[in-house]
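Subject: Handing over a structure, with notes

Dear colleague,

I am passing on to you the structure that follows, and below it you will find my notes on what turned up in it. Please read them with the structure open beside you.

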Amino acid sequence: MRTTEGTLPLERLLGKASASTIEKHLGLSTVAELLNYFPRRYLNRGELTPISGLPFDEEVTLIARVLSVSSRRMRQRKGSITDVMITDDTAGGAGSLKISFFNGWRAEKELRPGVRAMFSGKVGFFNRSLTLTNPDYVLLDHDGSDEQIALAPIPVYPATAKLPSWKIGNAVSALLDAVDLGELSDPLPAEIVRRERFGALDDSYRMIHRPADPGQWKLAQARFRYQEALVLQTALARRRAQTMAQYAVARPGRPDGLLTAFDAELPFTLTAGQLTVGAEISRELAAQGGPGQSGPEQSGPGHGPMHRLLQGEVGSGKTLVALRAMLQVIDSGGQAALLAPTEVLAAQHYQSIRRTLGPLAEGGMLGGYEGGTQVALLTGTMNTAAKKQALLAAASGEAGIVIGTHALLSDQVQFFDLGLIVVDEQHRFGVEQRDALRLKAAQPPHLLVMTATPIPRTVAMTVFGDLETSVLRELPAGRAPISSHVVGLAENPGWAQRIWQRSREEIDAGHQVYVVCSRIGEAEGVEAPSGDEPLLLDQGQAEAGQDPRELSSVVEVLDQLRREPLLAGCRIEALHGKLDPAEKASIMRDFAEGEIQLLVSTTVIEVGVDVPNATLMVILDADRFGISQLHQLRGRVGRGGLPGTALLVTELEPEHPSRRRLDAVAATTDGFALSQEDLKLRREGDILGASQSGGRSTLRLLRVVEHEEIIERARADASAIVLRDPELREHPELAAAIDISLNPEKEAFLERG
């Protein structure tokens with residue numbers, strides 16, 4: 001597509017009102033964005049969508065026949081509710097659904113028995129049944145005006161509650177009539193179009209938005225799916241090439257350095273995985289420069305700075321692997337920075353690394369190791385004197401390891417020789433933050449990205465395509481198994497009391513307990529992002545079919561447990577992100593030292609918190625958390641050789657669709673198996689981090705699990721293109737497509753590396 005046409009504002013072609021509505025509800029503002037907003041599926045006039053297979057908590061569009069309609073007055077407020085029973089006429093009545101409208105006078109008048117209509121809305125759950133509340137609808141049988149819809153497949157677009165599918169379709173149709181599709185430039189190279197036997201670009205746009213038959217949209221989808229994969233993989237290949245072209249200072253370490261001394265004092269044996277990954281990282285740190293570059297230690301062609309993703313199970317020893325890499329860099333005269341997302345995690349890393357290094361972290365101090373280093377901590381809420389001391393230690397080079405939060409990105413922070421950046425839980429940081437730290441190095445630093453959320457190979461290949469990937473699967477010796485159980489209060493209300501009895505049993509055995517809530521207090525929202533945050537509804541909405549539930553909060557649970565007779569005599573404290581930093585540090589210290597028996601917390605303890613004596617975790621309203629988050633949380637117990645237990649507490653009925661997530665987590669502790677299940681249950685956009693960019697998921701037709709072969713083929717094509725044409729000067733259409741599809745905001749997920 002010509003850049004000038006692709007970036008044309010929709011207002012120029014659709015008018016101000018329509019363009020404003022589309023931008024408000026879909027976040028689309030240009031011609032290219034709307035043309036590439038493809039239907040998610042297609043319906044035929046004779047096709048009645050199986051109601052029995054409707055996905056919970058998703059926007060859907062279906063065609064159905066009205067069975068009955070009735071109205072009733074609301075009990076708690078003025079107005080009425082109109083209930084409409086619809087069917088897709090499948091055998092046994094399995095395809096029936098009740099939908100409800102507030103003050104639905106129009107629905108009561110138009111949706112008479114026998115009428116067929118297309119309905120669009122979000123699937124809810126009420127009284128153990130799926131339902132739609134206040135769906136948009138369009139009649140299909142009331143006159144002859146719908147015959148045009150009936151003749152061809154009906155595109156169903158990803159919709160919102162305020163902008164249903166058919167309104168989006170009308171806007172796209174108007175755009176197709178206003179744009180000269182024959183003038184659009186094709187981002188796919190001609191040789192790929194011929195090899196794959198794809199249709200022309202203009203025909204493909206018509207066939208995907210206005211198909212005459214199912215065969216047309218399938219052909220068009222194949223073309224745009226490959227185009228999407230090629231654009232994404234070319235962007236990644238270009239980044240790989242740019243990284244490899246940089247000069248990297250070699251950090252080979254030395255035989256008699258800190259790393260050697262550290263390994264000699266380790267009280268345990270490294271796992272085979274830690275040894276293998278450690279060797280990979282060591283080789284890359286020691287490699288010389290970039291292709292065609294020269295530097296003070298350049299002795300021949302090498303490669304650019306290390307860009308490696310280190311992923312593994314919770315507790316698999318990633319931090320130890322990272323620490324050994326930091327020591328190798330320090331032995332080479334450089335420094336390492338460890339960037340953590342929260343002050344709690346930064347402080348935990350600081351204490352843990354200092355404790356692990358012992359005298360090696362007391363360089364220049366009385367009793368310290370001769371030739372040792374120092375470890376500095378820098379956070380935004382430190383007092384002036386402590387902050388000044390940390391800044392001086394980083395700038396002078398006295399601190400070989402500098403650990404911090406976003407405070408490390410401040411202009412005040414300078415390093416003597418920053419050679420390695422370690423980013424923990426990288427998905428919590430944005431593009432600018434990562435780059436701000438990298439710019440503090442005189443030469444491009446090596447980069448190690450750590451994540452405790454296991455990622456399927458296909459996701460890693462798509463998202464972290466410019467990073468080499470290392471995986472730690474085995475757990476170190478001494479890590480006890482964790483058993484997880486779903487505690488369903490709907491079917492067993494008596495278990496509510498048994499939870500606290502079980503907690504007391506652990507405490508009496510000398511152990512400690514976490515209790516996790518999704519909210520801080522009465523007026524507070526969910527502290528950590530969740531893909532399915534609760535929506536508290538009024539009585540009328542509840543009567544109409546949606547279930548408002550009061551979620552447990554830290555403040556309320558703390559008060560409840562302090563008054564709980566079963567826990568009498570126990571010290572119970574709370575921890576959440578809005579506490580004063582000094583108070584947070586004090587509480588975590590007391591919990592780590594065993595002075596607090598039960599800690600009520602938000603997900604602030606999700607990563608990095610290491611209290612070996614904690615053996616039980618109670619997660620209240622567990623259905624409000626995603627699979628990876630539940631897996632992360634339960635990894636906080638069973639860390640000291642003692643068996644760990646996680647109780648996933650929910651008030652949902654056993655047949656509720658959201659219970660599937662809890663059952664999956666309880667069934668296995670294999671994070672990689674859970675990541676595959678997570679990918680099935682969630683959109684790729686959630687996993688790719690679309691929320692990072694403030695925009696929609698970048699993927700439209702591509703599905704990383706289903707289309708692995710396409711991704712691999714596109715990756716090979718992209719690598720060949722960038723090898724021959726690194727700047728894409730011979731492929732301006734492809735370069736323009738990258739600029740349009742992956743603009744700086746939407747490119748955030750690519751910048752994780």
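The side chains of aspartate 177 and arginine 210 meet in a salt bridge, with N and O 2.8 Å apart; the term stands for a side-chain nitrogen of Lys or Arg within 4 Å of a carboxyl oxygen of Asp or Glu. Aspartate 177 belongs to helix α7 (residues 165-178), while arginine 210 sits in the loop between α9 (201-209) and α10 (214-244), so the pair ties together parts that are 33 residues apart in sequence. Aspartate 177 counts as exposed, at 59% relative accessibility, whereas arginine 210 is partly exposed, at 38%; here buried means under 20% relative accessible area, exposed over 50%, and partly exposed in between, with a 1.4 Å probe and protein chains only.

Before going further, please note that this is a predicted model, in which local features need pLDDT of at least 70 and side-chain atom pairs count only at pLDDT 80 or more, while totals for chains, interfaces and linings use all residues. Residues are numbered from 1 along each chain as its sequence is written, and side-chain values use heavy atoms, with hydrogens and water left out.

Over the whole structure, the search finds 25 salt bridges. In general, side chains of opposite charge can pair when their charged atoms come close. Another of these bridges joins glutamate 284 to arginine 308, with the closest N and O atoms 3.0 Å apart. Because glutamate 284 lies in helix α12 (residues 272-286) and arginine 308 in strand β9 (residues 307-312), this pair ties together parts that are 24 residues apart in sequence. Both glutamate 284 and arginine 308 are buried. Salt bridges that share partners also join Arg195, Glu196, Glu709, Arg713 and Asp717 into one network. Within that group, arginine 195 and glutamate 196 have their closest N and O atoms 2.8 Å apart, and arginine 195 is partly exposed, with a relative accessible area of 44%.

Two strands pair if DSSP finds at least two bridges between them. Seven strands form an open sheet with parallel pairing, in the order β11-β12-β10-β13-β14-β9-β15. Its edge strands, each pairing on one side only, are β11 (374-378) and β15 (468-472), and from one strand to the next the twist averages 20 degrees. Five bridges connect β9 with β15 in the parallel sense, and the bridge partner of arginine 308 in β15 is glutamate 468. Helix α12 lies across β9, β14 (446-451) and β15, running at about 155 degrees to β15; axes are lines fitted to C-alpha atoms, for helices over the stretch in contact, and angles run from 0 to 180 degrees between N-to-C directions, with contact meaning heavy atoms within 4.5 Å.

Elsewhere, strand β2 (residues 59-73) runs antiparallel to strand β5 (residues 116-126), and seven bridges join them; one example is valine 60, whose bridge partner in β5 is glycine 121. Strand β2 also pairs with strand β3 (residues 80-87) in the antiparallel sense, over eight bridges. In the hairpin of β2 and β3, which has six residues between the strands, glycine 79 takes a positive phi near 110 degrees.

Finally, there are nine aromatic pairs in the whole structure; rings of Phe, Tyr and Trp (its six-membered ring) pair if their centres lie within 6.5 Å, and planes under 30 degrees apart count as stacked, over 60 as edge-to-face and the rest as tilted. The rings of phenylalanine 38 and phenylalanine 224 have centres 4.7 Å apart and planes at 35 degrees, so this pair is tilted. It links distant parts of the chain, 186 residues apart, with phenylalanine 38 in the loop between α4 (31-35) and β1 (41-43) and phenylalanine 224 in helix α10. Phenylalanine 38 and phenylalanine 224 are both buried, and ring pairs link Phe38, Tyr205 and Phe224 into a cluster.

Key
Helices (H or I, at least four residues) and strands (E, at least two) are DSSP runs, numbered from the N terminus.
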